[in-house]
Every structure is written in structure tokens, then in C-alpha cells.
Amino acid sequence: MTVPDPQPQSLPRRATAALMWRHPAHLLAFGLGSGLSPVAPGTVGTLWGWASFLALQQGIGTGPQADGVWAVVLLVGWFVGCWACTRTARSLGVADPGSVVWDEIWAFWLILWMMSPVDWRGQLLAFVAFRYFDAAKPGPVAWADGLFKLRAGGHIGWRQGLGIMLDDLVAALCTLLVLALAVALRQGGVGAGLLS
């Protein structure tokens, strides 16, 4: 049985293991504890996303039927993630807490699924590119990150959960675009890929 979160009295609260176990939303948002890392929680969460993708892929398999399963997992993961990120941000009293890493996990699952099949070197390149886009937030990622920012005196609500997820979705799409362009250039240029 989970204990409902009281309305935070003194804001912000600290992300802790005790808070993580208070509600399933926190457990998911904190990436089963990977977001509680004192150093680079987003990177640790992405590494957890990588490891969990490989474990899930063993169970789900590959091929068209597996693609259908992954599509459902990612679709459900998006909506459940928006809810979990909102609930956890509200509990912490912070609109976009660094300890919330479900967005990184989900986005890296999307990248790895879209790239599959690819060996560990391709996955490593995807990891590095995604971490760059997620951390540096260039161009469209910064736009997505600012789209649902909390206004002064505002209440943390569903918009913040959506915002937490959205900038990582855009970072994932940028990662996939850059990697696709790199592959096209390696195989004779973008024009060769488009004309063949």
C-alpha cells in the first residue's frame, strides 16, 4: 500500500530513497533509483535506460511482432511518464527536478528501438549524441525545454510533466537525425541516399 504524498510544506524537497518508495510514480520517475545518483543523474538514468532496453529486448525479441510490442510500451510509457513526472515534480516542489530521469530512460528506449538492429558501437554513439542534446540543449531542444516552463508563482501541474518528457523526445529526435545523416554521408552522401 502506498502512502499519498502530502502537499509539500517547505519547498523544495530533496529526492531520497524514502520518497522514491512512497509512491509508484516516484519509483518510475526516479528510474528505480538511478535518478538518485549524486553525480550526473541524467547520465546515470540514460545508462539505466540502455541496460533495461537490452534486458527487455531479450524478452521481447526482434522482428515485426516485437516492433508492435515496443510501440505499445513506448506509447504507454509516454503517458505514464507524463503522470509520474508531474506527480514527482509536485512532491519535490521543483518543476523539472534533475533526479527525475524517466524522460531520459524513455527517450533512450525510443532511440535504441528506432536504430535496431545496431551493435554496441552504434548504441554508444547514440548514447553520446543523446547525452549531448539532452545536456547542452541546442536549438530545438532548448525551445522544447522552455515551452512548458513554470511561470513565477505558478502551480506545478500536467504542463510541467509534459515539458519534462517533451525536451527529451526532441533530444531523441535530434539524435536520430544526426545519426541518420552520419550514416547517409558515410554511404556516399545524403544525395546518394535520397536518389537511390
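## The second largest pocket

In this predicted model, helix H4 provides the largest share of the lining of the second largest pocket, with three residues. The space inside this pocket comes to about 190 Å³. Of its 14 lining residues, those closest to the centre are Thr62, Asp67, Trp113, Ser116 and Pro117. Helix H3 (41–60), H4 and helix H5 (102–115) are the elements that give two or more residues to this lining.

## The largest pocket

Let's turn to the largest pocket, which holds about 350 Å³ of space. Helix H6 (120–136) and helix H8 (158–186) each supply at least two residues of its lining, and H8 gives the most, with six.

You can pick out the lining of the largest pocket in the structure: Met115, Val118, Gly122, Leu125, Leu176, Leu179, Ala180, Ala182, Val183, Arg186 and Gln187. Sorted by class, this lining has eight nonpolar residues, two polar and one charged.

## A nonpolar patch on the surface

Back to helix H4, which spans residues 64–92 and contains Trp83. Together with Val72, Val76 and Val80, Trp83 forms a nonpolar patch on the surface. The accessible area of these residues together is about 350 Å².

Methods:
Residues are numbered from 1 along each chain as its sequence is written. This is a predicted model: local features need pLDDT of at least 70, side-chain atom pairs count only at pLDDT 80 or more; totals for chains, interfaces and linings use all residues. Side-chain values use heavy atoms; hydrogens and water are left out. Patches are made of residues with over 30% relative accessible area and no salt bridge: like charges are joined within 9 Å, nonpolar side chains (Val, Leu, Ile, Met, Phe, Trp, Tyr) within 5 Å. Accessible areas come from the Shrake-Rupley method with a 1.4 Å probe; for residues, only the protein chains shown count as cover. A salt bridge is a side-chain nitrogen of Lys or Arg within 4 Å of a carboxyl oxygen of Asp or Glu. Helices (H or I, at least four residues) and strands (E, at least two) are DSSP runs, numbered from the N terminus. On a 1 Å grid over the protein atoms alone, a cavity is a set of points where a 1.4 Å probe fits but cannot get out, and a pocket is an open set with protein on both sides within 12 Å along at least five of seven lines; lining residues have an atom within 4 Å of a point. Grid points are joined across faces, edges and corners, and a volume is the space filled by probe spheres set on the points. Ala, Val, Leu, Ile, Met, Phe, Trp, Tyr, Cys and Pro count as nonpolar, Asp, Glu, Lys and Arg as charged, and the others, Gly among them, as polar.
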